[in-house]
Amino acid sequence: MTTKLRCAWAESDPLLRDYHDKEWGRPVHDSREMWETLMLEGFQAGLSWLIVLRKREGFRKAFHGFDPVKVARMTASDVERLMQDPEIIRARAKIEATITGAQIFLAMKREGEDFAKLIWGMAGGKPMVNTTGAVYTRTALSEEISKALKKKGFKFVGPVIVYAWLQAVGIVEDHSSQCFRKSIKKKL
């Protein structure tokens with residue numbers, strides 16, 4: 001039997017392996033899905049991604065399937081309710097940032113600005129593959145996108161969170177050189 005070699009971070013838990021094999025690093029062009037992933041990355045700040053993955057379905061339930069229209073209408077009483085929900089990470093600032101993020105996402109849409117096209121455009125329109133062997137936590141691109149998102153009013157979008165998000169949605173492909181999912185395209 002052949003064992004798949006994957007990124008070392010994905011080997012410690014079956015949920016991480018499944019996420020790595022099926023989702024992480026696959027190019028996402030759907031604006032709503034990209035926004036959901038960015039919001040989840042914000043909840044991950046200061047914690048492990050495994051905690052977020054274990055609570056992802058709880059987040060989806062709590063935030064109406066990450067439907068931005070429904071999330072944007074959430075009120076202070078919804079925030080209080082979510083602060084009592086053990087199915088999510090109960091961090092008031094992150095809950096409020098998700099609601100605000102939905103409002104910003106919708107404002108962009110009303111103004112004719114597509115979230116995915118904006119981010120992919122800033123990245124040059126194609127996945128960037130890290131062939132250096134270096135393990136980055138931030139890059140000039142993540143700093144540029146972080147600054148642009150902050151200017152729009154998004155929270156929990158520092159350059160480290162943004163870099164992890166760019167990896168997750170396949171804008172930056174950072175699979176290790178021995179990983180079965182590694183490809184060669186455009187260098188960082």
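Select Arg6. Leaving aside neighbours within four places in sequence, Arg6 is in contact with Glu11, Arg17, His20, Asp21, Ser176, Cys179 and Phe180. Contact means heavy atoms within 4.5 Å. Before going on, a note on the model: it is predicted, so local features need pLDDT of at least 70 and side-chain atom pairs count only at pLDDT 80 or more, while totals for chains, interfaces and linings use all residues. Residues are numbered from 1 along each chain as its sequence is written, and side-chain values use heavy atoms, with hydrogens and water left out.

Stay on Arg6. It sits in the segment before α1. Helices (H or I, at least four residues) and strands (E, at least two) are DSSP runs, numbered from the N terminus. Is Arg6 buried or exposed? Arg6 is buried, with a relative accessible area of 14%. Buried means under 20% relative accessible area, exposed over 50%, and partly exposed in between (1.4 Å probe, protein chains only). Now show the side chain of Asp21. It makes a polar contact of 2.6 Å with the side chain of Arg6. A polar contact is a pair of N or O atoms within 3.5 Å; within protein, one must be able to donate a hydrogen and the other to accept it, and residues adjacent in sequence count only if both atoms are side-chain atoms.

**Helix α9**

Select residues 159-168. This is helix α9, and 9 of its 10 residues are buried, so the helix is largely enclosed by the rest of the structure. The buried residues are Pro159, Ile161, Val162, Tyr163, Ala164, Trp165, Leu166, Gln167 and Ala168. What do they pack against? Colour α1 (14-22), α2 (31-44), α7 (115-122), α8 and β2 (172-173) to see their partners.

**The largest pocket**

Of its 27 lining residues, Trp9, Trp24, Val135, Tyr136 and Gln167 are the closest to its centre. α1, α2 and α9 are the elements that give two or more residues to this lining. α9 gives the most, with 6 residues. By class, the lining has 15 nonpolar, 9 polar and 3 charged residues. Ala, Val, Leu, Ile, Met, Phe, Trp, Tyr, Cys and Pro count as nonpolar, Asp, Glu, Lys and Arg as charged, and the others, Gly among them, as polar.

How are these spaces found? On a 1 Å grid over the protein atoms alone, a cavity is a set of points where a 1.4 Å probe fits but cannot get out, and a pocket is an open set with protein on both sides within 12 Å along at least five of seven lines; lining residues have an atom within 4 Å of a point. Grid points are joined across faces, edges and corners, and a volume is the space filled by probe spheres set on the points.

**The second largest pocket**

Select Glu23, Glu33, Thr37, Arg56 and Arg60. They lie nearest the centre of the second largest pocket, which has 14 lining residues. α2 and α3 (49-62) each give two or more residues to this lining. The volume is about 190 Å³. The lining divides into 6 nonpolar, 1 polar and 7 charged residues.

**The cavity**

Select Leu38, Met39, Gly42, Phe43, Lys94, Ala97, Thr98, Lys155 and Phe156, which line the largest cavity. It holds about 50 Å³ of space. The largest share of the lining, 4 residues, comes from α2.

**Aromatic rings**

Select Trp35 and Phe105. Their ring centres are 5.7 Å apart and their planes at 40°, so the pair is tilted. Rings of Phe, Tyr and Trp (its six-membered ring) pair if their centres lie within 6.5 Å; planes under 30 degrees apart count as stacked, over 60 as edge-to-face and the rest as tilted. Trp35 is in helix α2 and Phe105 in helix α6, 70 residues apart. Both are buried.

**Last stop: Lys152**

Select Lys152, in helix α8 (residues 140-152). Lys152 counts as partly exposed, at 31% relative accessibility. Show Glu113: the two side chains are joined by a polar contact of 2.8 Å.
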